[in-house]
Protein chains: 2
Amino acid sequence: MFQLDLKSRKSIYEQVVDNIKELVIAGVLNSEDKLPSVRELSKALTVNPNTVQKAYRELEYQGFIYTVSGLGTFVTSPIHSVMDGKKAHELQDNIRRDIKELLYMGMTRAQINELLQELFEERGEGND
Amino acid sequence: MFQLDLKSRKSIYEQVVDNIKELVIAGVLNSEDKLPSVRELSKALTVNPNTVQKAYRELEYQGFIYTVSGLGTFVTSPIHSVMDGKKAHELQDNIRRDIKELLYMGMTRAQINELLQELFEERGEGND
DNA sequence: GACACCGTATTAGGCAATATAGTACACTGC
DNA sequence: GCAGTGTACTATATTGCCTAATACGGTGTC
């Protein structure tokens, strides 16, 4: 499914969270898709089931997945996690902080606009 | 100088790093300004001198400040920390990741452009 | 009901990072 | 010399992460 970087400063469960989040956002995992079970994924990654469980709990808290006891865990449809105000705020604050730092380092406004342009094109976004 | 949030998930030294970084980027602390001494700031924040020292070491590593033994620590002129490739890359990756997440959550391209617009205006930036 | 699969909870221990405390050393300017 | 600066070191307590092992309850199949 994905690889772990044991040399990373990030903890394992954080890496699991980030990787799955990316798969969902990129559309590799779609709404209502079933995720690997805790035991299955823990075996595949050769980590402890508790570690995977912690990652799933975090992903559920963030609204990306939901679980049905006895059945498994599934990808939430995006409509359910729409604009959780607090989270959107945090993301925007992060972006603001990072862009300010890039500007301080000498990056130009044009270069930043270019970065966004590439992102939008990559997603085949419209103009709204 | 600033306040610490002891309830935060962030460690103390990280909060010190972030706060000082913001002061530098916002222009509250200017190039060649002298920072409070390790002992002075640790007393003001009622934390251990070692914790402040760790924060200063990190800020020096990131290129925001420099130290002269026996004299103190000072703000680096921005020209010295220009576009450290690795760091700029990390920042851009962060921005990419956060914007993708915002788009997934339903934020529109227009709203994101607006966010940037506000940032640029706030800084009184030109058009390049 | 038996069984296999799911998520979940609990307890325990090891390890690393964080923060504290205290002490010591080298450098600079007066 | 002295006061102020950064820096280094040891030791300790606390916290978070990760592992290990075990147990419990829900669901679907037979």
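In this predicted model, 47 residues of chain A are in contact with 47 residues of chain B. Together the two chains bury about 4700 Å², and 69% of that area lies on carbon and sulfur atoms.

Six salt bridges are found across the interface of chain A and chain B. One of them joins Glu101(A) to Lys21(B), with the closest N and O atoms 3.7 Å apart. Between chain A and chain B there are also four residue pairs in polar contact, counting those in which both residues have a pLDDT of 80 or more. On the side of chain A that touches chain B, two or more residues come from each of the helices α1 (12–25), α4 (85–104) and α5 (109–122) of chain A. Helix α4(A) gives the largest share of this side, with 15 residues. Sorted by class, the side of chain A that touches chain B holds 21 nonpolar, 11 polar and 15 charged residues.

Leaving aside residues up to four places away in sequence, Leu45(A) touches Phe2(A), Leu4(A) and Val16(A). Gln15(A) is 30 residues from Leu45(A) in sequence, while their C-alpha atoms are 11 Å apart in space.

The view now turns to the DNA. DNA strand D is surrounded by 23 residues, the closest being Ile12(A), Asn50(A), Thr51(A), Lys54(A) and Val38(B). Both chains take part: α1 and α3 (49–61) of chain A, along with α2 (38–45), α3 (49–61) and β2 (72–75) of chain B, each supply at least two residues of the surface near DNA strand D. This surface is made up of six nonpolar, 13 polar and four charged residues. Of the DNA strand D atoms within 4 Å of the protein, 62% belong to sugar or phosphate, and the rest belong to bases.

An N or O atom in the side chain of Asn50(A) is 2.8 Å from a base nitrogen of DNA strand D. From chain B, the side chain of Arg39(B) places an N or O atom 3.0 Å from a base oxygen, and the side chain of Thr67(B) has one 3.1 Å from a phosphate oxygen of DNA strand D.

Notes
Residues are numbered from 1 along each chain as its sequence is written. Chains are lettered from A and ligands numbered from 1 in the order in which they are written. This is a predicted model: local features need pLDDT of at least 70, side-chain atom pairs count only at pLDDT 80 or more; totals for chains, interfaces and linings use all residues. Side-chain values use heavy atoms; hydrogens and water are left out. Contact means heavy atoms within 4.5 Å. Buried area is the accessible area (1.4 Å probe) that two parts lose on being put together, summed over both. A salt bridge is a side-chain nitrogen of Lys or Arg within 4 Å of a carboxyl oxygen of Asp or Glu. A polar contact is a pair of N or O atoms within 3.5 Å; within protein, one must be able to donate a hydrogen and the other to accept it, and residues adjacent in sequence count only if both atoms are side-chain atoms. Helices (H or I, at least four residues) and strands (E, at least two) are DSSP runs, numbered from the N terminus. Ala, Val, Leu, Ile, Met, Phe, Trp, Tyr, Cys and Pro count as nonpolar, Asp, Glu, Lys and Arg as charged, and the others, Gly among them, as polar. A residue is near a molecule or strand if one of its heavy atoms lies within 4 Å of it.
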